[in-house]
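I opened my notebook to write down what I looked up, one entry at a time. Here is how it went.

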Amino acid sequence: LRNTHFSTATEPSSKQPNPLRVPNLIGGAFVDSQSLASIDVINPATQEVVSQVPLTTNEEFKAAVSSAKQAFLSWRNTPVTARQRIMFKLQELIRRDIDKLALNITTEQGKTLKDAQGDVFRGLEVVEHACGMATLQMGEYVSNVSKGIDTYSIREPLGVCAGICPFNFPAMIPLWMFPVAVTCGNTFILKPSEKDPGASILLAELAMEAGLPNGVLNIVHGTNDIVNAICDDEDIRAVSFVGSNTAGMHIYGRASAKGKRVQSNMGAKNHAIVMPDANEDATLNALVAAGFGAAGQRCMALSTVVFVGGLKSWENKLVERAKALKVNAGTEPDADLGPVISKQAKERIHRLIQSGVESGARLVLDGRDIVVPGYEHGNFIGPTILSDVTANMECYKEEIFGPVLICMEADSFEEAINIVNRNKYGNGASIFTTSGVAARKFQTEIEAGQVGINVPIPVPLPFFSFTGSKASFAGDLNFYGKAGVNFFTQIKTVTQQWKDLPSGTGANLAMPTSK
Ligand code: NAD
């Protein structure tokens, strides 16, 4: 039975007789788990229980894998044009339901409605890109590699693949994964974040409505145990992961030890270098937007700014602009930033701010005591700025993942580049300057996978790939773009001979070489 009543999960459960249970999706049916254990999905602005996410049982997990394995047999032979057409339909349905998806994201994750729309839209662009899969998946052909012999390569799907998602982009990240995987001809097991699984369910409902056959996309829920089951399962061929380094390195090690392909996008500490010649207004706007947008809970947030030639002329103006931001529940139209995901996240961020102060940083803007009228129980932290931070401080070494901007100073451009390059993460880095010479030097010397020049959050569009490096990525084939298609396909090389063969030449046992 397909249970679609979950679509109403934007209402807090206090307004409903029983908290909604988030269903599994197995073999095309949205079904409640048999598991008695579940986790509350909590609205971070109100602490209301939105729904309950079950810890999918091992039996149900096995059933999901087996339905994906079964579905692969016919899905892999479904023409790529037919698979693409389902993506064409899916992008249309996502557009139709973008408000509903955004409201679900804001309710479960906390970001503002406008930001939640962006979350959906950046995922939608991956669906649009998957509509061109026939071209993306094309093989290669060399005629006459030897007389009468041609060689060609075919990109074939792997089989059952899996995706494990973080909480911060409940729509975009599942959409980085399953549309590419299934349009390549794979079948998929999706494990959404246990903190905000609603958008994945809504997207799966749309995928089914768009015509995705039963069993091609399955959803299971849980935390460490189900993730370990995914890593260990003999029938799963590839694992796509986005989240923290602790989980990501564990998954990378465990799943690759079982012979699986793994792509693991992990934590970040993205730096901006601000040169003295940078355009003041545009730079301040960019720093404030990328430092505090989504309450700093973006893997591409600019969390650290290195001012070359001194912070003095920038600091007051930066504080003024950060102070002017409105902190409120994401559903309120005037909100610039919403709450952080959980009470635990709020406590952790408070602790990191305090550790900065205790190790000598200057707290020039303190957002810790904020109270948001009407949402007194929300996990709010106002924009916070720590200045005079040095590389040995814990607040610098740890990814804070909250609305905290760290300011450092460098005497020279070279010193600023060295600061960025010594950091273990390599997700992204930006420079703000009006000098082409400085920009070009930055692009060449900076050790980060995604570079912004007068642009704060360079998340590449889907015809490129998301190319974090160093400790921000493990694996060798990045998400979406050509690399994403390569990740979800394996190459088969065919050599064929069609010529009139003279008889009586005898067998030649030497290694064949082209003639
Ligand atoms: P997280 O690692 O806590 O959780 C991610 C997923 O892993 C969840 O589905 C969770 O259930 C599972 N998980 C968590 N701990 C696990 C463990 N010990 N063993 C097995 N599974 C485990 O991450 P999060 O807090 O949801 O997301 C925030 C993190 O994600 C930040 O570090 C952020 O930088 C990163 N992130 C990176 C990118 C990127 O593209 N590089 C994008 C978004 C988020």
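This is a predicted model: local features need pLDDT of at least 70, side-chain atom pairs count only at pLDDT 80 or more; totals for chains, interfaces and linings use all residues.

**Entry: R362 and its partners**

I started with R362 and D388, whose side chains meet in a salt bridge at 2.8 Å, N to O. I then checked where the two sit: R362 is in strand β15, and D388 is in the loop between β16 (384-387) and α13 (394-397). They are 26 residues apart, so I noted that this pair links distant parts of the chain.

Is D388 buried or exposed, or something in between? I looked it up: D388 has a relative accessible area of 33%, so I put it down as partly exposed. R362 is partly exposed too, at 36%.

R362 turned up again in a salt bridge with E315, at 3.0 Å, N to O. I found E315 in helix α11 (residues 312-323), while R362 belongs to strand β15 (residues 362-365), so this pair ties together parts that are 47 residues apart in sequence. E315 is buried, with a relative accessible area of 12%. I wrote the cut-off beside that: buried means under 20%, so 12% makes it.

A reminder to myself: side chains of opposite charge can pair when their charged atoms come close.

How many salt bridges does the structure hold? I got 24. I picked out the one between E125 and R122, where the closest N and O atoms are 3.2 Å apart. Both residues lie in helix α4 (residues 113-130), and they are three residues apart, about one turn of the helix.

E125 is buried, with a relative accessible area of 16%, whereas R122 is partly exposed at 29%. The 20% cut-off falls between those values, so the two partners get separate labels.

**Entry: the ligand**

Next I went to the ligand. Which residues come nearest to the ligand, of the 29 around it? My list reads C165, K191, E194, S244 and E399. I also noted that the space taken by the ligand is the largest pocket.

I asked which elements give two or more residues to the shell around the ligand. They are α6 (172-183), α8 (224-232), β11 (236-242) and α9 (245-257).

- An oxygen atom of the ligand is 2.7 Å from a polar backbone atom of C165.
- A polar backbone atom of G243 is 3.3 Å from an oxygen atom of the ligand.
- With S244 the side chain is used: an N or O atom there is 2.5 Å from a ligand oxygen.

How much of the ligand does the protein bury? Taken alone, the ligand exposes 840 Å², and the protein buries 88% of that.

**Entry: side chains that reach back to the backbone**

I looked at T107, which lies in helix α3 (residues 98-109). A polar atom of the T107 side chain lies 2.6 Å from the backbone oxygen of L103. T107 has 7% relative accessibility, so I marked it as buried. I also checked T107 against V41: they are 66 residues apart in sequence, yet 9.7 Å apart in space, C-alpha to C-alpha.

S355 was next, and I found it in helix α12 (residues 343-358). Its side chain reaches the backbone oxygen of L352 at 3.0 Å. S355 is buried, with a relative accessible area of 16%.

**Entry: two positive phi values**

Last, I looked up some backbone angles. What is phi of A294? I read a value near 55°, which is positive in a residue other than glycine. A294 sits in the loop between α10 (280-292) and β14 (302-308). It has a relative accessible area of 10%, so it goes down as buried.

F401 also has a phi near 55°, a positive value, and F401 is not glycine either. I placed F401 in the loop between α13 and β17 (404-410). At 19% relative accessible area F401 is under the 20% cut-off, so I count it as buried.

Definitions and conventions
Residues are numbered from 1 along each chain as its sequence is written. Side-chain values use heavy atoms; hydrogens and water are left out. A salt bridge is a side-chain nitrogen of Lys or Arg within 4 Å of a carboxyl oxygen of Asp or Glu. Helices (H or I, at least four residues) and strands (E, at least two) are DSSP runs, numbered from the N terminus. Buried means under 20% relative accessible area, exposed over 50%, partly exposed in between (1.4 Å probe, protein chains only). A residue is near a molecule or strand if one of its heavy atoms lies within 4 Å of it. A polar contact is a pair of N or O atoms within 3.5 Å; within protein, one must be able to donate a hydrogen and the other to accept it, and residues adjacent in sequence count only if both atoms are side-chain atoms. Accessible areas come from the Shrake-Rupley method with a 1.4 Å probe; for residues, only the protein chains shown count as cover. On a 1 Å grid over the protein atoms alone, a cavity is a set of points where a 1.4 Å probe fits but cannot get out, and a pocket is an open set with protein on both sides within 12 Å along at least five of seven lines; lining residues have an atom within 4 Å of a point. A molecule sits in a cavity or pocket if more than half of its atoms lie within 2 Å of its grid points.
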